[in-house]
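Hi there,

Here is the structure I promised to pass on to you. Have a look at it first, and then read my notes below.

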Protein chains: 2
Amino acid sequence: MSSDEIRLARAYLSRVAEPPAAALVRFVAQVGAVRAAKAVRSGEVPPAVDSETSARRAVDRAQEDLEAAAKVGGRLLVPEDDEWPRWPLNALAIAAANNLRCGVEPLALWVRGAANLAEVTRRAVAVVGSRAASGYGQHVAGEFGFGLAEAGVTVVSGAAYGIDGAAHRGSVTAGGPTIAVLACGIDVAYPAGHRALLERIPGHGLVVSEYPPTHTPARHRFLTRNRLIAALAEGTVVVEAGRRSGAKNTAASTAALGRVLMAVPGPITSISSSGCHELLRSGMALPVTSVPEIVESTGRLGVDLVEANRSTDTGPPQGDAMRVFEALGLTAGHSPEAISVESGVELARVRALLPQLELASLAERVESGWKRSQNGDWRGDT
Amino acid sequence: MSSDEIRLARAYLSRVAEPPAAALVRFVAQVGAVRAAKAVRSGEVPPAVDSETSARRAVDRAQEDLEAAAKVGGRLLVPEDDEWPRWPLNALAIAAANNLRCGVEPLALWVRGAANLAEVTRRAVAVVGSRAASGYGQHVAGEFGFGLAEAGVTVVSGAAYGIDGAAHRGSVTAGGPTIAVLACGIDVAYPAGHRALLERIPGHGLVVSEYPPTHTPARHRFLTRNRLIAALAEGTVVVEAGRRSGAKNTAASTAALGRVLMAVPGPITSISSSGCHELLRSGMALPVTSVPEIVESTGRLGVDLVEANRSTDTGPPQGDAMRVFEALGLTAGHSPEAISVESGVELARVRALLPQLELASLAERVESGWKRSQNGDWRGDT
């Protein structure tokens, strides 16, 4: 099966089903993209897949969509590509296995820009917040965007007005790669006032979307998109958020995916910071006040651990990861809370490290929580 | 033994020893104030007491000090008085039993004002912070002072410039009682710019000091004084603090005494909030952004529990206190961290409630942590 066939099949499916299409994603995983596309076209699919695809299954614009993407310098990434962000998106697969609502992997990703998505997400942090941001919030987002880029960290955000835009601009100014995840086609300038920014980002990073070219944004698409922002980054910093800000949805996805959630304190007299203070007070988010604190909170350790696991020379987990590993039960599962107490590693970090240890075959999830994996051991003798 | 004799004895000791005088406090607890004063005068005391008292034991100005206090409308409170804040200061006794540096009870307290100290500390919160406060910090301190007074909560602070002064003024404006704990005599206007404020406070509350009249402030006296601010309140709110602010010392005492430590978030661009953010990031302090949150964090539950314990009709602990009580081991001691996980009550609250349960004879401290008390049980049958 040629990669062109696969790409055409996924391009077709990407327009047929409105994400998140959980049944279709599962169906594709079972039979492969090409067979799945053929089955969807003919309508010979299980009922759950049918209900996700019947409305648009006659719309086959795969070739046109690929050409429209190419026209703006874009392309379609599929899971079969080396450039697919396998590791970041694995969080969605883990969430799916745990029946979490945000746990639906994308069928494909439309991207626009010179950067390699797998490479730029190796060390990435999401910086998000209100559209109606204060001068303070925009200043902080810009500084964080700039500082993270200087520290070699990719800034992921949603290209909205306010915090998102300031974060992207800060990163672009420092010459860092930044990733704008859109709720519309990569050829659609939304918001219109960010047309120039969206034209600049591909030179430094990537504009990414689950939606095919010409797709327009819609409220539910922003919410669906937010899980990708959370998944593509090791952690999410909420710079400013009102009590009903969409950023709180990204925050919820971040926590659900076991990623590190951070929030920036601000004046308690500012309504723009009230959502951040709520996240801090509930204990969901860690307070961060500087780029070094963000880097410290997200940590290279997890990344290094994954790197070690990718090679055949699997080394021992380091630092916090080691402490979490040591706190795991040999036979009985422990809750993340209990592991946090036992290891002295804070809960948000524990939640972030457990899936990483799982991927490294060092930990496994059982009914009662997490335990050491029976198959994996980092000690040289296995 | 008349109460006059006791008061004269404690007035004498209050000038002879520089607080905190741990050995003298223990000696007085053993032999009583009158006998202790006699022994100190004659120099016939244990070596540890001698080293605390030998330099000034010839200075007997007890009568003059009592008269100087009376001249400014003040008086000397002694532990033998009904007005003595027995319950709040018990935290110091518990700390002493655990060999904590801040665990030294005052020998007596010079007070000035119409209020009854035991009554106004029944529901009290400390509001402290930098002298070099920002406009934002002073605004927040003033609002909190006003709002706490309106909510029936006494504001305890240190009468310094900046946050302290703003908190006192807010309370005074709302007509609430406020307590200014000084590091000098109650007849000394320090800082000089707060002379008018210090004259107004006794009309609404109390000016309190461990130091006899005419004593001038000194650096170590501020640090010694800070433990009293922490002890007299159910919790301490740090409104603004630089990285080296004296407020961080009060914060440390608050935590050591098992009281609730709170910090106010502020702009991360403001150096005046950096100490608060440090306290939040380390997990030492809870973030608070409003008076209702402060009231919620300090809680009436503990107070009600104590009230119940004072009467013969000991009711069951309520709410959080109940959950903490239920999480206590019957035979083995558990750490506050483990109790927090078990009860689902946040760690800072657990730390605050355990000593209260101890005083209610419901919990006891053992080598391995905290367990249910063997002697006490709230169920009707004991």
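**What I found**

In this predicted model, strand S10 (residues 363-366) of chain A pairs with strand S11 (residues 369-372) of chain A in the antiparallel sense, over four bridges. Together S10(A) and S11(A) make a hairpin, with two residues between them. To find your place in it, look for A:Val366, which stands opposite A:Gly369 in S11(A).

Next, the two chains. How is chain A laid on chain B? A turn of 180° with a shift of 0.2 Å along the axis does it, and the RMSD is 0.1 Å. This is the relation of a two-fold axis. The same surface serves both copies, as 100% of the contact residues of chain A recur in chain B.

Finally, the largest pocket. It holds about 1,500 Å³ of space. Which residues lie nearest its centre? They are A:Gly283, A:Glu346, A:Leu347, B:Gly283 and B:Leu347, out of 41 residues that line the pocket. Sorted by class, the lining of this largest pocket has 22 nonpolar, 10 charged and nine polar residues.

Enjoy exploring, and write back with any questions!

Best wishes

Conventions:
Residues are numbered from 1 along each chain as its sequence is written. Chains are lettered from A and ligands numbered from 1 in the order in which they are written. This is a predicted model: local features need pLDDT of at least 70, side-chain atom pairs count only at pLDDT 80 or more; totals for chains, interfaces and linings use all residues. Side-chain values use heavy atoms; hydrogens and water are left out. Two strands pair if DSSP finds at least two bridges between them. On a 1 Å grid over the protein atoms alone, a cavity is a set of points where a 1.4 Å probe fits but cannot get out, and a pocket is an open set with protein on both sides within 12 Å along at least five of seven lines; lining residues have an atom within 4 Å of a point. Grid points are joined across faces, edges and corners, and a volume is the space filled by probe spheres set on the points. Ala, Val, Leu, Ile, Met, Phe, Trp, Tyr, Cys and Pro count as nonpolar, Asp, Glu, Lys and Arg as charged, and the others, Gly among them, as polar. Copies are superposed by least squares on the C-alpha atoms of residues with pLDDT of at least 70 in both. Contact means heavy atoms within 4.5 Å.
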